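Here's a quick briefing on a few spots worth a look.

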Amino acid sequence: MRLVLRWLYGLGQLAIAMALGGAALALTLAALGPSLADIWGAKTTASTDVDLSILEQTTKVFDANGELIAELKAEIDREYLPLSQMSPAVIETVLAVEDAKFYEHKGINVAAITRAAVTNVSAGGIEQGGSTITQQLVKLGVVGDEQVLERKIPEAAIAMRLEEQMTKDEILERYMNAVYFGGGAYGVQAAAELYFNKDASALDYGESALLAGIISNPSLYDPVYRPTNALNRRDVALGRLVAEGFIDEEERAIYASTALPRYRQFASDVFLDTYFVEEVKQRLLDDPRLGETRADRINTLFQGGLEVHTTFDPVAQALAENAVETQFNLDNNIGIIAGLVSIEPGTGAVKAMVGGPGFEQFKFNVTTQKGRPTGSSFKPFALAAAFETAGLVPDDRIDASSPCTFDNPGGFPNPYEAGDYNGSRRSGSLTIEDHTLRSTNCGYIRLSKLIGFNNVVETAQNLGITSEIAGVLTLPLGVYDVTPIEMANAYATFANDGIRVEPHLITRVTRGNETLILHDPEPFRAIQPQTARLVTDVLEKNVNCRAGACTGRRAQLANHPAAGKTGTGQRNYDAWFVGYTAQLATAVWVGGQEGQIGMRYDRNSPDFTREDYLDAFGEFADPGVTGGSIPAQIWGRFMNDYMAGLPVVEFIEPDRGRRGERLAVEENEQPDVVTVSPCGGANAEVDEDGDGDVDWCRNLGGVPYSSRTGCPSLLVAVDQNDDGRLDRCIARIRPDDAIDPNTTTTTDPNASSTTSTPDDGGGGGDGGTTVAPTTQAPTTTAATTTAPPTTAATTTAAPPTTAATTTAAPPTTAATTTTAAGG
């Protein structure tokens, strides 16, 4: 009997349609008739009460252990306001635009559904909603927002049931407080404050028309970011007010002439107070699986009752924060901050994230949102390219002469001059391994030129660098901005035997029994296992220092093997240490919070005193903060604490392969110079911190001044006999005074040449500071000496992957104002 009544109800709708709208409308309702009967049937079988508490369900965020770490909810964006305290103008405008027959229907508007049905049948799908305010209120949390007919049936049924439980004013009040107006504002009071900085009780018809127009699509009709769309939509809303008799045409013209708000009054979409959870939030808001538009995703995330499971390791996070706080003065007056991010090799799981001094103080995540020049921490990518694409080995030798000059056709300056740490002068050759441990700039430019800058770019990208880089001369010196999370991921690829796994923070997102997001890793063979093992072997020596010279001694671990590389930017603006064990890869960056700030005592600074520098950097105030100082200490403290108690996992040894050979590089270079002590003699050298590098010089009378070669790097030229000519090179009293007056460091791209500033205080320095030239990507060939074919070591655990390929050098953009660095 019930089934018969349902069909009779549908046929009745068809008869009415035929009488009122003709055959076309009748055919439309013929298709819809059974669904209308379904609506009535669903209504009569609905539960006694309709529970709308789902509208405000909170999303919960869990760590890797399943413990709750955050709740995402929109309460701070919604200020509940009784209907009696809203201006009549905003109530009437919302009704005119969204549901003019609200006080007449019983939850659904058959005429509106009919109009929508005509449009939808013509379009072959659901294009127009026809939903009443009651239906919209139900849609916000009960049945979802997908435009399909199957959703409309329970939505309409619940709406009719809701009308039996609540009065019209109660439904309207709830709707006016629940609807989304963009910018994180839920409800008319929050919207009034966001766009007009006033209470909803004071809204006029023009302001109300703007707000009512936003409701149907807050992103499309955003008055701040899409003012033209918002203006047109407001005109439509004003037209509805005229049609319903709330205003006349003269008033419409006045309201239509008022300006739109140009900015939002407050940041109402800031919900979170930790960098990790904020990053989770932002990634979800960008994920189309939570909704087609950002407005949809905001609704889903902050009202959908989701469960978000993450990779967050609370122990690792606590240890990371402690390492930063104990190894670095966060309360310095200079504006220097630190960032740290850790990734698990093999899974890509982000375990810890220190995005700055604290999210409450600085709502910007330095580990993910903005790259910084990496200095010599970029050199391992050139090292990997040498092994991977040219078949070189660590014992191959390459010219170590410094300073050095290279032809730079089509760029400026041409020729291009570079130098090593502290203006160090070298001659002869070094192995590729020693070039890495000493972090030479001239050597790494030669190496990259030999193997092809395009191969360095491709290898870096395969390893996990996603920031824009190009094959300029100074590419291996770390002139391009790269984020710490990219660096940590690329080094994690070394730790994972050459297999890259994209970093992720979210493992799955569920709503009830429904899985909305499930992380599905896609491992990629970035480099061959032998390449990864060779790189690791070299970088391990850079930390354990058993080979003598090294820059990472302050990052040594007590009981676990570790590999890593330092990096320092021009004028000590940026300092890095990036490294890994078999179980964890971590990148640490230290630099200016609001831009580039030199992390070395400057007696001419108009902003900071010597005490400020000493307070911020302690023993590193005079020599300057480098990757081998504070960043290495932070890294070492965190990794020592994290690895304590974990099993010791040794790195896989590489195949030793062939013996090294001397490699030739064609270049336009200055003549070789003899190696000169930076103090003019070994007896004047002082290695204060025992790291193998000369820190300052004893004043033993100095050495004669040469107009051709100038002074050794740590001495200064003086006119000793007052005859107007420089005649002697002597030591300054303080280490911070040891600046060669014959050298100039500049970021001016039009400067003819540059020399070096100090980099890492370890083993002959960690790269000089040079200006990245404007240049065309050089056309390069493979090394003149190539290793015989070897068989790469294999592992049984490696998943199927695609081998990395080598392609021709792509067109590149000149790095016109980027500065090279060491590290």
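Buried means a relative accessible area under 20%, exposed means over 50%, and partly exposed is whatever falls in between. Keep in mind that this is a predicted model.

**Q528**
- With a relative accessible area of 29%, Q528 counts as partly exposed, because that value sits between the 20% and 50% cut-offs.
- You'll find Q528 in the loop that runs between strand 15 (524–525) and helix 19 (529–544).
- Q528 and G498 are 30 residues apart along the chain, yet their C-alpha atoms are separated by 5.7 Å.

**Helix 7 with helix 8**
- Helix 7 (residues 188–196) and helix 8 cross at roughly 115°, and their axes come within 11 Å.
- That angle makes helix 7 roughly perpendicular to helix 8, and the crossing is right-handed.
- On the helix 7 side, the contact uses V188, A191, A192, Y195 and F196, while helix 8 brings in E207, L210, L211 and I214.
- Sorted by class, this contact has eight nonpolar residues, one charged residue and no polar ones.

**Helix 8 with helix 9**
- Helix 8 (residues 205–214) packs on helix 9 (residues 227–243) at an angle of about 115°, with the axes 8 Å apart.
- So helix 8 ends up roughly perpendicular to helix 9, and it passes helix 9 in a right-handed crossing.
- From helix 8, Y205, G206, A209, L210 and G213 meet A230, R233, R234, A237, L238 and L241 of helix 9.
- The residues in this contact split into seven nonpolar, two polar and two charged.

Technical notes:
Residues are numbered from 1 along each chain as its sequence is written. This is a predicted model: local features need pLDDT of at least 70, side-chain atom pairs count only at pLDDT 80 or more; totals for chains, interfaces and linings use all residues. Side-chain values use heavy atoms; hydrogens and water are left out. Axes are lines fitted to C-alpha atoms, for helices over the stretch in contact, and angles run from 0 to 180 degrees between N-to-C directions. Helices (H or I, at least four residues) and strands (E, at least two) are DSSP runs, numbered from the N terminus. Angles under 35 degrees count as roughly parallel, over 145 as roughly antiparallel, 65 to 115 as roughly perpendicular and the rest as oblique. A crossing is left-handed if the near helix is turned anticlockwise from the far one by less than a right angle, and right-handed if clockwise. Contact means heavy atoms within 4.5 Å. Ala, Val, Leu, Ile, Met, Phe, Trp, Tyr, Cys and Pro count as nonpolar, Asp, Glu, Lys and Arg as charged, and the others, Gly among them, as polar. Buried means under 20% relative accessible area, exposed over 50%, partly exposed in between (1.4 Å probe, protein chains only).
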